[in-house]
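Open the structure in your viewer and keep the selection tool at hand. Each stop says what to select and what is there.

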Amino acid sequence: MEEERMSAPLRYIERARTYFSELGYTTEYRWPHFTDVPFTALKKPLSDCCITIVTTSFVEEKSEENVSKESEIVLAGDVYEIDSRVKACDLFCRHEGYDSYATNVDDVDSFLPVSRLHESVAEGRIGSVAPFFYNAFSTYSKKRTEQVDGPAVLKGCEENGVDAAILTGI
Amino acid sequence: MGCAKDIVEHCGVPRLLFTDFPLGNPCGEPFKAEQQKTLLSMALDLLESARAPRTTVQTPFIWPHGDQWKETFMTKEHPFLDEKGMQLWLQAKGALKAEKAANR
C-alpha cells in the first residue's frame, strides 16, 4: 500500500489576498502580527487545572429564539458566555467562514471540544471545566480585540478561576 | 487548536496545535470522537510541554477525502462566502466601521 503523504499546508494569507483582489477590493487586509508573544507555563499539574474554551466560532445554544433570529444576526458584537454544562448536541454554529465545499460544522465537537473536555475531567486528565466558555467575534479589529474583547475574556476567566484556555476558531 | 497555520503563526500565539484540515474542523473530523479525543489530548500535552511562545505541533492526521480542497478553497470555483454570507460579512464590516467612527 502506498504511504499517504502530507501536502504543504494551504497558504491562507496569500490565497485571501488573491481572492479579494480579484473581487475588486483594493485595500489589502493586514493580519495582526506581534513580535512579542506572551507565554506562561502551567503553574500546577494539569490534573488540578480549570480549563475553558475561547472561540470565534459563533456558537450558540439551540433555542427557538436563537434559531429563528437568523435575519437579525451580524457578525460583530460583544464577547458572550456559553454555559459549559450545555451538551455539544444542544449547540449550533452560525459562522459561515468555513470550507463548506469540503466539510461541515454539524458536529460542534469538531471545532469546540466540549464533550472531549468533559471526558478529560472524568479521566482525571484535567481538574475541571470552567463554568463558561467565551465567544468573541472575528470583527477584523486588532484594536477592539486588544482593548475590549481580550480584557472581557480575561475578566471572565479570572472571576471563574480559569487556569488555562483552549482557543479555537472555525 | 487551528487549521490556518500561516495566519496563526503570522499573528503569534503561545502554542498552536495545527491539524491540516479544511477550515471548520480544527478539533477533528465531524463525528469522529476517537480522533477528536486524540487531538484534544495532544493540545493538553502541548499545554504542559511547551517551553516558549510560538511553539507549533502538527498532528499526524490527513484529511480523508483528499487534498483537492487546498486548490479550490477561496477561488471563483469555491467562493469563500455565498451571497447571504457575503451580505452578513459586509454588514459586520459596516458595524465595525460605525463603531470606529463613534469612538473617534
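## Stop one: a loop in chain B

Select B:Glu29, which is buried, with a relative accessible area of 8%. Buried means under 20% relative accessible area, exposed over 50%, and partly exposed in between, with a 1.4 Å probe and protein chains only. This is a predicted model, where local features need pLDDT of at least 70, side-chain atom pairs count only at pLDDT 80 or more, and totals for chains, interfaces and linings use all residues. Residues are numbered from 1 along each chain as its sequence is written, chains are lettered from A and ligands numbered from 1 in the order in which they are written, and side-chain values use heavy atoms, with hydrogens and water left out.

B:Glu29 sits in the loop between S1 and H2 of chain B. Helices (H or I, at least four residues) and strands (E, at least two) are DSSP runs, numbered from the N terminus. Now show what B:Glu29 touches, leaving aside neighbours within four places in sequence: A:Asp107, A:Ser110, B:Phe21, B:Gln35, B:Gln36, B:Trp63 and B:Pro64. Contact means heavy atoms within 4.5 Å.

## Stop two: helix H2 of chain B

Select residues 33-49 of chain B, the 17 residues of helix H2.

Buried residues of H2(B) include B:Gln35, B:Gln36, B:Leu39 and B:Leu40. What covers the buried residues? The cover includes strand S1 (50-55), helix H3 (114-122) and strand S7 (164-168) of chain A, with strands S1 (15-18) and S2 (55-58) of chain B.

## Stop three: rings

Over all chains, there are 8 aromatic pairs. Rings of Phe, Tyr and Trp (its six-membered ring) pair if their centres lie within 6.5 Å; planes under 30 degrees apart count as stacked, over 60 as edge-to-face and the rest as tilted.

Select A:Tyr19 and A:Phe20. This pair is edge-to-face, 5.2 Å centre to centre with 80° between the planes. Both residues, A:Tyr19 and A:Phe20, are buried.

Go on to B:Phe73 and B:Phe80. Their planes are at 85° and their centres 6.0 Å apart, so this pair is edge-to-face. Ring pairs link B:Phe73 and B:Phe80 with A:Tyr12 into a cluster.

## Last stop: cysteines

Select A:Cys49. It is buried, at 0% relative accessibility.

Definitions and conventions:
Expected span 1.5 Å × (residues − 1).
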